[in-house]
Amino acid sequence: MLLEQLSAYKELGIGLIVLLLLLVLTIRGMVRDRRNRILRDLDPRKIGIQDIDRMEDGSEFELYLQRLLSALGYKDIYKTTSSRDFGADLVFTDREGARVVIQAKRYAVQHPVGLGAVQEIYTSMRYYAADKSVVITSGRYTESCKTLAAVNGVKLLDRNDLVDMIDLFKAKRREEVMERIESRAEVVASKWWSKSKS
């Protein structure tokens, strides 16, 4: 009798463990499906920084930014082709009629964006006849990248700026997001300016 009861409890325990495992796997699958659907749609109203971190490659980040620009009301948005993009991923016209080129860098925080991003986006301005250039990253920038950007008037938007833009957009404060994107970068003179003038 006692053995039968222990056997029944053992079977019940195994059944509960199996049921619990199935429930965990089902919930995990539902969460993954929701996340995949959000990423597939790349809807700026639903995407957060964690979703951007989970994107498979930079092209999804570029598409997200394109959809964000469109949702903000920008016109003439053009996503360049991955090959022969001449250093820009997106080209659009801002509210003042200025053409803006954007380079999107979906980088992890531990791998900062370097000089190449500034060099590429700055040189792309001539090809696209752009008035402003912006680099947007989900990470951060090296100090030399910040210096080169400041000397050349390239606007850098880092992870903190991106999080703020996402939050402002979701709060329907679109003008503030647009101002963050459109405002001109502060330009500083290179230390070489004073040396060449003497």
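Which side chain meets that of Lys 79 in a salt bridge? In this predicted model, the partner is Glu 62, and the two side chains come together at 2.9 Å, N to O.

## Lys 79 and Glu 62

The salt bridge between Lys 79 and Glu 62 links distant parts of the chain, since Lys 79 belongs to strand S1 (residues 75-79) while Glu 62 belongs to helix H3 (residues 58-72), 17 residues apart. With a relative accessible area of 21%, Lys 79 is partly exposed, whereas Glu 62, with a relative accessible area of 11%, is buried, because buried means under 20%.

## Asp 53 and Arg 159

Another salt bridge brings together the side chains of Asp 53 and Arg 159, at 2.6 Å, N to O. Asp 53 lies in helix H2 (residues 49-54) and Arg 159 in helix H6 (residues 159-170), so this pair ties together parts that are 106 residues apart in sequence. Asp 53 itself counts as partly exposed, at 36% relative accessibility.

## Lys 132 and Asp 94

The side chains of Lys 132 and Asp 94 also meet in a salt bridge, here at 2.8 Å, N to O. This pair again links distant parts of the chain: Lys 132 is in strand S4 (residues 132-137), and Asp 94 is in the loop between strand S2 (90-93) and S3, 38 residues apart. Lys 132 is buried, with a relative accessible area of 10%, and Asp 94 is buried as well, with a relative accessible area of 5%.

## A network, and the count

Some salt bridges share partners, and in this way Arg 95, Glu 175, Glu 179 and Glu 182 are joined into one network. The count of salt bridges in the model comes to 12. Side chains of opposite charge can pair when their charged atoms come close.

Which residues does Gln 103 touch when its neighbours within four places in sequence are left aside? The residues in contact with Gln 103 are then Gly 87, Asp 89, Ala 117, Glu 120, Ile 121, Val 134, Val 135 and Ile 136.

Notes: Residues are numbered from 1 along each chain as its sequence is written. This is a predicted model: local features need pLDDT of at least 70, side-chain atom pairs count only at pLDDT 80 or more; totals for chains, interfaces and linings use all residues. Side-chain values use heavy atoms; hydrogens and water are left out. Contact means heavy atoms within 4.5 Å. A salt bridge is a side-chain nitrogen of Lys or Arg within 4 Å of a carboxyl oxygen of Asp or Glu. Helices (H or I, at least four residues) and strands (E, at least two) are DSSP runs, numbered from the N terminus. Buried means under 20% relative accessible area, exposed over 50%, partly exposed in between (1.4 Å probe, protein chains only).
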